[in-house]
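Visitor: Please show me the chain, and then let us go through one of its residues and its surroundings.

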Amino acid sequence: TGGHPNRKKEFTLETIIDVANYFSSRNYVPTFLIEEKYSDKIKSIKQKVKNAYFPEHLVEHSLKNPLLAIAIGKKLDSAISIDNGIMHMLGLAGTRTAVFFNHNSKKFEPMNNDKLKAYYPFQHKNKKVEDLTPNEIINFIKDFI
């Protein structure tokens, strides 16, 4: 999730689950960087996604900070994100990341553009992040990840 309530930008939980299961079936480990306060979403993901992994939840509270997310990002082969804080942490980690933006501004892209594949609505019939189907997301990124 991310953004101000007036600027919604998030995939539906069902979409996240479908995309994660697609990649899980192709021997990827769906790894989620999600705050524990989203307990309902976490529970649903754990129940519905094969091999779902939540590495931040395995460390003691004092270690939970942006540096942990960057360190985890360094260990990932690739990632999928929307335009949010985690995306910037993955950029700092140098993680190959497919990012879905709702706005047409490139000013918020991470600086590692060689490891970024960006989705902009103006390039795709003005579809917003929340309107994308799992197949549209998978087709956009499957040759990148």
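Guide: The side chain of Lys-115 reaches a backbone oxygen at 3.2 Å, that of Gly-94. This is a predicted model, in which local features need pLDDT of at least 70 and side-chain atom pairs count only at pLDDT 80 or more, while totals for chains, interfaces and linings use all residues. Residues are numbered from 1 along each chain as its sequence is written, and side-chain values use heavy atoms, with hydrogens and water left out.

Visitor: In the loop between which strands does Lys-115 lie?

Guide: Helices (H or I, at least four residues) and strands (E, at least two) are DSSP runs, numbered from the N terminus. On that basis the chain has 5 helices and 3 strands, arranged along the sequence as α-α-α-β-α-β-β-α. The loop that holds Lys-115 is the one between strand S2 (97-100) and strand S3 (116-119).

Visitor: Is Lys-115 buried, partly exposed or exposed?

Guide: Buried means under 20% relative accessible area and exposed over 50%, with partly exposed in between (1.4 Å probe, protein chains only). Because its relative accessible area is 34%, Lys-115 is partly exposed.

Visitor: Leaving aside neighbours within four places in sequence, which residues is Lys-115 in contact with?

Guide: Contact means heavy atoms within 4.5 Å. The C-alpha atoms of Lys-115 and Arg-96 are separated by 4.5 Å, although the two residues are 19 apart along the chain. With those sequence neighbours set aside, the residues in contact with Lys-115 are Gly-94, Thr-95, Arg-96, Thr-97 and Phe-144.

Conventions. Polar contact = N/O pair within 3.5 Å; in protein donor to acceptor, adjacent residues only side chain to side chain.
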